[in-house]
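Dear colleague,

Please find below the structure for your review. My notes on it follow.

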Amino acid sequence: MEGVRVIEVADELGEYCGRVLAGLGADVVKVEPRGGDITRTYGPFYEDVPGPERSLYFWQYNLGKRSVELDLDTPKGQASFLQLAKAADVVIDTRPRDWMNSRGLGYPDLAKINDRLIYARVSAFGDDGPWADFKGSDLIHLALGGVMMNCGYDCNPLGEYETPPIAPQMWHSYHIAGEMMVMSILAALVYRLRSGQGQLLSSSVHAAVSANTETDVPDWIFLRQPHYRQTCRHSTMKTNSPALARTKDGRWVLPYTTYLKGYIDALPPTTEMLKRYGMELDLEDPKYNDPDVRKTLAFSVHFGAAIERLVGAFMYDRELWREAQDKGLPWAAVRRPEENIDDQHWIVRNTFLWVEHPEIAKSLPYAVSRWVAPGIPWKTGTRAPLPGEHTSEVLAEWSPPAGNPPTRKKESADEPLSVHRKPFPLRGIRVVDLSWALASAGSGRYLAAFGADVIKVEHESRWDGMRWSLGTFPEGGRAARDAAREPLPTPVWDSPNCGGAFMEINAGKRAIALDLKSKEGRETLEELIRTADVIVEGFSPGTMDRMGFGYERLRELNPKIIYAQQSGLGQAGTYGRARTFGPTAQALTGLSDMSGLPDPFQPAGIGYSYLDWFGAYNLATAMTAAIYRRDVTGEGCWIDSSQAETGLYLTGTSILDHAANGRSWQRFGNRSPYKLAAPHGAFRLRGDDRWIAIACFNQTEWNSLIAVLGSPDWAADEKFSTLAARLANQEELERLIDAETATWDGFMLMAELQARGVPAGVCQTAEDRCEHDPQLDHLNWLVELNQAEIGRWPVRDHPVKFEKSPAYIGGLYNRSGPNYGQDTVEVLNELSDQLKHRNNA
């Protein structure tokens, strides 16, 4: 993005977005009020001394940016901002609704002086709709967006939850919203290269977060099945099988088995490993050869206990997980985030960079790289700016682009339009999709939503496993689901076209069946590559090389090809073919350990494959950035992306805090030690496992909370009179508030609190979001799409709205995911015609 100029007028809702754009090479200028933005007051602080130039939060999310101080309430400040806007390519705006408009600085005013401007508006809940005036926070968005109800600890044997849902730490709602906006800005830039037009992009944190959870939505949509929280593993139906194993010295290992067909395929290599230490017990008994026996809960508990005994016999630094990986088992150490800094794998990949802070005469480590692209390093820039550090130089340097802007082109008569009757931003882009599951296949759904022709290549000899699981189509179809008042049973289908989650993840794509082990299949793939802009795959590292399709061969076939590969830990580095999935990557990066209650509780983790979703986001961002770069420079590239690297980027200030203050990460549940608030947590409501998140950041919000709760006598106690006092007495405060809220209906309490300006949100389930959330309904977060075999079902749409080239999750073909090989004849006929044309030429 070298040469792209970005103005950021943003707090925590948009700073992550600006940070990513800066890393991609854009010149990001943060416009701050006198004294700096509010986020300079967020902790932790260097040496625990608060100050606008000492916030580790600000350092983390503003690395590589420049700062301009302007008073936008004055004519002089407004004139300077307009000067910058004339020269800008992108504006990121997260100020309150109409704040910029009321000062003559909003999109309608800026578009008049710069019609090439892309104006990216991020709000908490949207600028209109029934919840438009609600107050949000990271906790509130993770509650209302459904993330919290997927995360936390197991219920007790009676089915009762003794602990609340736990929000993953830290700032993940803004990571999600920011990433969705980054890929959208890139798509809008690609469209601008073609059309010469800027446009308004608008998104809400609520819509972005609500679309992030994994299987709870398709399980509800297709089978009316609720989800239940489980410790450090996927939320699903309640089970008693453990996910973590504790080492002798009290650390944790994740002996992950889910994607090995549960315990079925994991038994032989695990038994071999146990046998080395004489701890195999009876696991070699022939009765366990029966797959039906291995599917039982009794076996899973027995098998898990054997693993726990093995792990518990050794210290954490024995690294048993590496031995398991050598046997093909996707185990992982549950690391603290800072434990990754000295990992040789990340050193080889240049994941971390030590950035000089001259004011403190130190260099500190930042996670800067989210993928490896040979010859195209991530731009780091300098440490986060001091307030107004670059005001004079930016105002002197920025001027409108030289020469006339590109001539606008009229759309041709045969321009493929979306259902919105407007053009797609990535029209004319072809993607050859060799991906599978979510982390890689999910990336293609966003390019398809932007109008790319994404062709999924697969073969029955190696199914995409999601065709057979998750959100399965019910017996009796849509009519049975619409009539259901109880959860429907999960049927077993012979067809590969009944996986509802697969269809959503692959919405808008075409599909061809191609046996890449055959000579004919490889030749057909070569022809596809010659016609493509991007090839994306999710194989184990080295697979494409062994197939004869390494990057050098791809460039011979298509010199401008963009080759994007996704794996758990990346191809370059020292881990080789380590086997990973979303939860494995989450454990290694520290994300699992960062979520949960303080010791002695074990990590709660994230209750779905968060890094599968974020891996898909990251790869979509990478491919869209590469398309923009290719369209500007004419050069293709090779992208080696890893889920774990993405996870390290998401660990927030934890690594900085360790390097700057010598403090290892410690879990703090739902509390807010860095943007100070008390109360700040999830509290019981009337009903079974119902909770509400409440956050009070100031005295006004506290007074309003107490008024809504009926001014209980305890609230007058001196120990709760100030924010500092409440922070010092949080445990007692939480217990007392919990007793008050337990008698309330959650949505009534939320409405009362929000009406008085208190950030509050029910911890919503998939049912709440799909059936009852009026704001999501207003934002049209679900769209109905047809599927060839299972009919018409709701699918989560892209949460960013484009003014002129809107995304649409149904893509060019206005449909959900494809049947296996559904478009083989059509695509091969197209290739045949193209080959004839090339031969004739």
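How close do the axes of helix α6 and helix α22 come, and at what angle do they cross? Please bear in mind that this is a predicted model. The axes of α6 (residues 172–195) and α22 (residues 610–633) come within 9 Å and cross at roughly 25°. Angles under 35 degrees count as roughly parallel, and α6 and α22 are therefore roughly parallel to each other. Their crossing is left-handed. By class, the contact between α6 and α22 comprises 17 nonpolar, five polar and two charged residues. On the α6 side, the residues involved include His172, Glu179, Leu186 and Leu193; on the α22 side, they include Tyr610, Phe614, Tyr628 and Asp631.

In soluble globular proteins, nonpolar side chains tend to be buried together. Here the largest nonpolar core has 200 residues, and Leu21 and Trp331 have the most contacts inside it. A second, separate core has 22 residues, among them Ile455, Val457, Ile535 and Phe539.

Helix α24

Helix α24 spans residues 654–661, and its buried residues are Ser654, Ile655, Leu656, Asp657 and Ala660. These buried residues pack against α2 (56–61) and against the strands β10 (352–357) and β11 (362–367). Just after α24, glycine 662 adopts a positive phi of about 70°.

Backbone points to inspect

Most residues other than glycine have a negative phi, and most peptide bonds are trans. The following sites depart from that pattern.

- The peptide bond from glycine 43 to proline 44 is cis, with omega near 0°. Proline 44 lies in the loop between β2 (27–32) and α2.
- The bond from alanine 678 to proline 679 is also cis, again with omega near 0°. Proline 679 sits in the loop between α24 and β19 (680–684).
- Glutamate 319, in the loop between α11 (297–312) and α12 (320–326), has a positive phi near 55°. With a relative accessible area of 30%, glutamate 319 is partly exposed.
- Alanine 437, in the loop between β13 (430–434) and α15 (441–449), has a positive phi of about 55° although it is not a glycine. Is alanine 437 buried or exposed? Its relative accessible area is 13%; buried means under 20%, so alanine 437 is buried.

With kind regards

Conventions
Residues numbered from 1 in each chain as written. Predicted model: local features only at pLDDT ≥ 70, side-chain atom pairs only at ≥ 80, totals over all residues. Heavy atoms only, no water. Buried < 20%, exposed > 50% of the residue type's maximum accessible area, 1.4 Å probe, protein only. Helix = DSSP H or I, 4+ residues; strand = E, 2+ residues; numbered from the N terminus. Contact = heavy atoms within 4.5 Å. Core = buried A, V, L, I, M, F, W, Y, C linked by side-chain atoms within 4.5 Å. Axes fitted to C-alpha atoms, helices over the stretch in contact; angles between N-to-C directions. Parallel < 35°, antiparallel > 145°, perpendicular 65-115°, else oblique. Left-handed = near helix turned anticlockwise from the far one by under 90°. Nonpolar A, V, L, I, M, F, W, Y, C, P; charged D, E, K, R; others polar.
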